[in-house]
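Biologist: Could we go through the strand pairing in this model together? I have a few questions.
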Amino acid sequence: MKSIQRRLSLGLISVMVIVGLVLAQTSLWLFEMGLQRYLESGLRNDSENLLVALVRGPMGVQLDEQRLSPAYQRPFSGHYFRIDFADTHWRSRSLWDQELPQLPQAGLKGNLQLGPEGQQLLVLRSDYKRFGQSISISVAQDYTPVRESFRLMRQIGLVLGLAALLLILLLQRVTVRRALRPLETARNQIAQLQQGQRSQLDTQVPVELEPLVAQINHLLAHTEDSLKRSRNALGNLGHALKTPLAVLLSVASSEQLKDHPQLSKLLREQLEQVQQRLNRELNRARLAGETLPGALFDCDGELPGLLATLNMIHVEHLDLSYRVPPGLQLPWDREDLLELLGNLLDNACKWADAEIVLSVGETPEGFRLVVEDDGPGIPESQRDQVFSRGTRLDEQTDGHGLGLGIVRDIVDVWGGVLLLQESELGGLKVVIDLPRRH
Amino acid sequence: MRLLLVEDHVPLADELMAGLNRQGYAVDWLADGRDAVYQGRSEPYDLIILDLGLPGLPGLEVLTQWRAAGLATPVLILTARDSWAERIEGLKAGADDYLSKPFHPEELHLRVQALLRRSHGQANQPTLQAAGLHLDEGRQCVMRDGEEIQLTAAEFRLLRYFMLHPEQILSKSHLAEHLYDGETERDSNVLEVHVNHLRRKLGRSVIETRRGQGYRFGASPA
């Protein structure tokens with residue numbers, strides 16, 4: 001995914017560069033045009049002065065040297081002229097051995113190269129009628145110094161422009177970062193959401209983000225609500241089906257059927273199958289699974305209640321204990337975790353002699369839940385069989401496994417791994433590794 | 001033993017009543033949560049079987065109100081909602097045991113029996129033991145020194161109550177309240193007859209008569 005920051009920077013740079021170049025080029029061009037026009041008026045002046053300096057002398061038309069500017073006398077002074085008559089032409093002394101070419105028609109022309117120093121000349125040709133003959137006067141001025149300072153100016157402008165561009169980019173980055181801070185906050189909050197550290201996003205956000213945050217919050221509330229509703233509906237369904245099932249089970253083993261033992265047995269077997277299937281599917285449908293939990297599972301808060309319930313159900317004096325780092329919270333749905341731990345511990349209670357230990361801890365990859373008992377355990381050769389693919393644990397009629405089907409379902413949904421080992425207490429050790437949520 | 005059954009599903013209630021009666025329990029039946037709140041507190045029940053999905057008032061709410069009012073009678077919750085989260089809620093509301101539907105009738109009978117013994121401080125053994133007698137609640141007969149003595153249903157009920165309350169003085173009216181359900185005519189003469197039958201079968205010293213106070217079972221001969 002492209003970052004908004006980078007996209008904004010790229011867009012801004014290209015716009016700035018294009019606009020800057022066009023602007024600089026245009027202003028330079030306009031400036032040069034203005035300068036030429038200014039120089040042109042000077043040249044026209046010179047040309048008229050030359051015309052005035054043309055006087056009728058003893059040998060016909062001649063130039064009054066007194067009226068000429070000294071710059072025309074000094075070689076390569078930068079100021080030149082050429083006067084064309086019908087049959088001959090005069091050149092200014094400053095031209096020295098160079099020839100100033102006559103422009104094909106009257107007007108201004110720039111960029112004329114001349115002389116050993118490569119002077120850039122601006123030439124103006126004006127045509128006049130004087131003393132009954134047509135005279136064409138060309139005056140030229142060297143504007144190399146002007147061009148030099150022009151180039152310098154362009155370089156300074158370029159450097160200044162670049163510096164301005166950098167400064168703008170820097171300021172833009174800062175501004176964008178500040179403007180995007182709410183986005184960053186929202187992103188962090190979504191991460192916390194994934195970890196289960198919060199159940200809603202903050203609603204104190206800029207107007208632009210408001211619909212997004214409101215929608216996410218709405219979706220979260222909706223998910224939680226529909227989970228609650230579907231759990232409730234499943235509870236009702238279970239209630240509606242299980243109560244008549246309890247009646248049937250009771251009838252099947254009642255006195256009235258004592259004379260028909262086979263019928264009674266058949267009825268009971270079938271009803272038990274219905275019951276097992278129903279329990280399994282209802283439990284599975286209740287799972288929140290991957291849904292984001294509304295709140296973290298707080299071990300310190302929940303485990304004592306669970307162990308007390310187990311103690312109540314298994315009246316034999318079992319020693320149930322748990323080892324959990326203080327303040328540990330697990331990022332999964334409370335009911336799912338209670339179901340997982342409840343069934344695991346319930347199974348352990350059925351087989352334990354006296355002691356059951358639950359340990360929960362954090363590992364680099366996620367969390368590890370361990371349930372150990374001091375019962376008979378399962379021989380290693382049979383452990384694989386219990387967990388081989390296709391074998392459903394609650395279809396095992398004896399031994400460990402009854403009620404563990406739902407445990408398997410939950411661990412699968414969470415992408416965890418379930419292992420059976422031998423416990424130091426002597427019995428079975430069930431290890432569940434759950435990967436961290438991302 | 002007098003039980004209160006709160007269950008709104010009539011066919012199930014009928015079945016449970018019949019089964020529990022066969023086990024020698026006097027059972028009162030209610031279907032509405034609001035009635036249960038009142039009657040559970042006003043009648044001296046030995047155990048209450050409470051369904052959670054009740055009309056009128058949810059079962060958990062009924063239980064919470066009982067416990068808030070100081071009712072200490074053991075309560076066995078009967079429910080189709082059997083997730084661990086709900087079981088924990090039931091326990092927090094003050095339940096003593098939890099049985100999820102559907103269940104075998106024998107399972108319920110065993111739980112009731114165990115819960116009654118537990119609430120009277122008796123160990124959960126195959127037989128109920130007091131004053132050298134072993135009462136087999138499943139077969140409704142009593143054993144003394146390896147000798148089996150048959151009992152009628154009424155004698156069994158009475159003896160079980162005595163054995164759960166050894167060395168306590170129990171008045172006739174107290175016994176009548178706990179041995180008969182709310183609809184049975186209570187005649188103290190019938191009680192006397194049953195006490196006499198028990199004495200004939202088990203020996204005179206087993207039940208002592210305290211004049212003006214009532215009966216006392218299993219008192220060590222002083």
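Biologist: Which residue in S5(B) does Leu76(B) stand opposite?

Modeller: This is a predicted model. In it, Leu76(B) stands opposite Asp97(B) in S5(B).

Biologist: How many bridges join S4 of chain B to S5(B), and do they run parallel or antiparallel?

Modeller: Strand S4 (residues 75-79) of chain B is joined to S5(B) by four bridges, and the two run parallel.

Biologist: What is the strand order in that sheet?

Modeller: The sheet is open and has five strands in the order S2-S1-S3-S4-S5 (chain B), with parallel pairing. Its edge strands are S2 (26-30) and S5 (97-100) of chain B, each of which pairs on one side only. On average, neighbouring strands of this sheet are turned by 20° against each other, direction ignored.

Biologist: And chain B overall: how many helices and strands?

Modeller: Chain B has eight helices and twelve strands. Of its 222 residues, 42% are buried. Among its contacts between residues at least 6 apart in sequence, 58% join residues at least 24 apart.

Biologist: Turning to chain A, which strands pair with S7(A)?

Modeller: Strand S3 (residues 79-84) of chain A pairs with strand S7 (residues 133-142) of chain A in the antiparallel sense over six bridges. Within that pair, Arg82(A) stands opposite Ser138(A). Strand S6 (residues 119-130) of chain A also runs antiparallel to S7(A), joined by ten bridges. There, Leu124(A) has Val139(A) as its bridge partner.

Biologist: What lies between S6(A) and S7(A)?

Modeller: The two strands form a hairpin with two residues between them. Phe131(A), in the turn, has a positive phi of about 50°.

Notes
Residues numbered from 1 in each chain as written. Chains lettered and ligands numbered in written order. Predicted model: local features only at pLDDT ≥ 70, side-chain atom pairs only at ≥ 80, totals over all residues. Pairing = 2+ DSSP bridges. Buried ≥ 20, exposed ≤ 12 C-beta atoms within 10 Å, placed from the backbone. Contact = placed C-beta atoms within 7 Å. Axes fitted to C-alpha atoms, helices over the stretch in contact; angles between N-to-C directions.
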